[in-house]
Every structure is written in C-alpha cells, then in structure tokens.
Amino acid sequence: MSRAVKNIFTEGAISPLFISESIAKHATKKDIGAHSIFLGQIREDVVDGKTVAAIEYTAYEEMVLEKMHEIREDIFLKYDLTCMHVHHSLGTVSAGEICLFVFTSSKHRIAAMEACNELVERIKSELQIWGREIFNDESHQWKVNK
C-alpha cells in the first residue's frame, strides 16, 4: 500500500501541547500496544567559549519530503507498525525547545522502539536539513550532526 507524501515540517519549535495532543489522539486506536517517541531538543552547547542560543534550520524541502517518503515506506515494510509520525522544525528554534518529534506505534514494543530508532538515525544521516548554530553573541556556524 503506497502512502501519500506527508509534510514533516513545522515552522519554529514543536510545542509540547502539539506532542501531547498527538499522543492523546491515539487512544481511540485499540490495536496499538506500544508507542515509541523521540524528542530532539536544542542543547545550549558551549563551542569555543560561545554559548548556543538557537539553531536555524533550513532544507531543500521538496527533496527532503521525497526522501522522507522513501524512508517512511521502507520503515513500514520492515516493521509491523500501526502509525508513524515525523515532525521537524524549520526556522529558528531556541535552546531548550523541541526541533524533532518522531512517534511510532505498533502492536508490540520491539517493533515500535526499533522502528523509531532507525527512523531517527536515517533522518539525521539521509535528509538534507541543515542547522546553523546561532550563538549568544549573534555569531553563527553550520552545525555538524553527531
């Protein structure tokens, strides 16, 4: 079953209220036995004596959405999932705020956890999303994913 390409992008930080509402909506799905959730949060790192105040995310959106669709299809084929949701910030996200929300659901915990982990790793390694670290002195540098 081929699924439609979904927009994963959210302008700015992903709000805790959006995350909790997303989880709550799944209470009506009685075939789900497990959820696995990953939340990526902006760290207030210190780099060369300067503190990260925010990260500004940019992306080649059309290409990212096509690649995310491929990843999504691969993960659904590999794991017995009921649901999969991915939300990634674009624009500026301040230290302490959420920039990535990955949510997988399945009948059993192992599938949900393994799928969530693989999904996060593939998002970080395969999607053309760039982050520019903005320091508290307003200087900046491109972030390297780790």
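In which helix do Glu126 and Arg122 both lie, and how many residues apart are they?

1. Please keep in mind throughout that this is a predicted model. To take the question above, Glu126 and Arg122 both belong to helix α3, where they are 4 residues apart, about one turn of the helix. The two side chains form a salt bridge, and their closest N and O atoms are 2.8 Å apart. Glu126 is partly exposed, with a relative accessible area of 25%, while Arg122 counts as buried because its relative accessibility is 14% and the cut-off for buried is under 20%.

2. Arg122 has a further partner, for it also forms a salt bridge with Asp74, the closest N and O atoms in this pair being 3.2 Å apart. Since Arg122 lies in helix α3 and Asp74 in helix α2, this pair ties together parts that are 48 residues apart in sequence. Asp74 itself is partly exposed, with a relative accessible area of 36%.

3. A search of the whole structure finds 8 salt bridges. One of them is formed by Arg43 with Asp45, and here the closest N and O atoms are 3.0 Å apart; Asp45 is partly exposed, with a relative accessible area of 24%.

4. Two packed helices are described by the angle between their axes and the distance between the axes. Helix α2 covers residues 61-78 and helix α3 covers residues 109-126, and they pack at an angle of about 155 degrees with their axes 11 Å apart. An angle over 145 degrees counts as roughly antiparallel, and α2 and α3 are therefore roughly antiparallel to each other. The crossing of the two helices, α2 and α3, is right-handed.

5. Which residues make this contact? From α2 they are Lys67, Met68, Ile71, Asp74, Ile75 and Lys78, and from α3 they are Ala115, Glu118, Leu119, Arg122, Ile123 and Glu126. Sorted by class, the contact of α2 with α3 contains 6 nonpolar residues, 6 charged residues and no polar ones. Arg122 and Asp74, whose salt bridge was described in point 2, are both among the residues of this contact.

Note on methods
Residues numbered from 1 in each chain as written. Predicted model: local features only at pLDDT ≥ 70, side-chain atom pairs only at ≥ 80, totals over all residues. Heavy atoms only, no water. Axes fitted to C-alpha atoms, helices over the stretch in contact; angles between N-to-C directions. Parallel < 35°, antiparallel > 145°, perpendicular 65-115°, else oblique. Left-handed = near helix turned anticlockwise from the far one by under 90°. Contact = heavy atoms within 4.5 Å. Nonpolar A, V, L, I, M, F, W, Y, C, P; charged D, E, K, R; others polar. Salt bridge = Lys/Arg side-chain N within 4 Å of Asp/Glu carboxyl O. Buried < 20%, exposed > 50% of the residue type's maximum accessible area, 1.4 Å probe, protein only.
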